[in-house]
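Dear colleague,

Please read them alongside the coordinates.

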Amino acid sequence: MKLISAIIKPFKLDDVRETLSEIGVNGITITEVKGFGRQKGHTEMYRGAEYVVDFLPKIKIEIACTDDMVDSIIEAIIKAANTGKIGDGKIFITPLENVVRIRTGELDENAL
């Protein structure tokens, strides 16, 4: 089992969610986050004053899945979230040791 965490631009969330649904992903967790990478933020004007925005709004998507779904999920996220511009985001894949469904006590793949 794997935990896939993807950081994407906020306006791409609906596209990513739809694409993931099409390939059979039936559970995701979404968090609004802020951060920066190579973008290093940007400068904005507000009431005539210039200020630097260091942390940009992003969306973090987390998906727990079986090993056989990893490649198709990654492809779907890349396809849906890609704009071709800096700041499109990143995908992180980490091993997932155990999963427990709280309501039933099911374990691992049965709990996904």
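Of the 112 residues of the protein, 29% count as buried, where buried means under 20% relative accessible area with a 1.4 Å probe, protein chains only. This is a predicted model, in which local features need pLDDT of at least 70 and side-chain atom pairs count only at pLDDT 80 or more, while totals for chains, interfaces and linings use all residues. Residues are numbered from 1 along each chain as its sequence is written, and side-chain values use heavy atoms, with hydrogens and water left out.

The protein has two helices and six strands, taken as DSSP runs numbered from the N terminus (helices H or I, at least four residues; strands E, at least two), and from that end the elements run β-α-β-β-β-β-α-β. The radius of gyration, taken over C-alpha atoms, is 17 Å, well over the 13 Å that the globule rule gives for 112 residues, so the protein is more spread out than a compact globule; that rule is 2.2 Å times the number of residues to the power 0.38. The C-alpha atoms fill a box of roughly 55 × 25 × 20 Å along the principal axes.

Four strands form an open sheet in the order E2-E5-E1-E6, with antiparallel pairing, two strands being paired if DSSP finds at least two bridges between them. Its edge strands are E2 (29-35) and E6 (89-95), each of which pairs on one side only. E2 and E5 (residues 56-65) pair in the antiparallel sense over seven bridges, and Val33 has Lys58 in E5 as its bridge partner.

How values were computed
Buried < 20%, exposed > 50% of the residue type's maximum accessible area, 1.4 Å probe, protein only.
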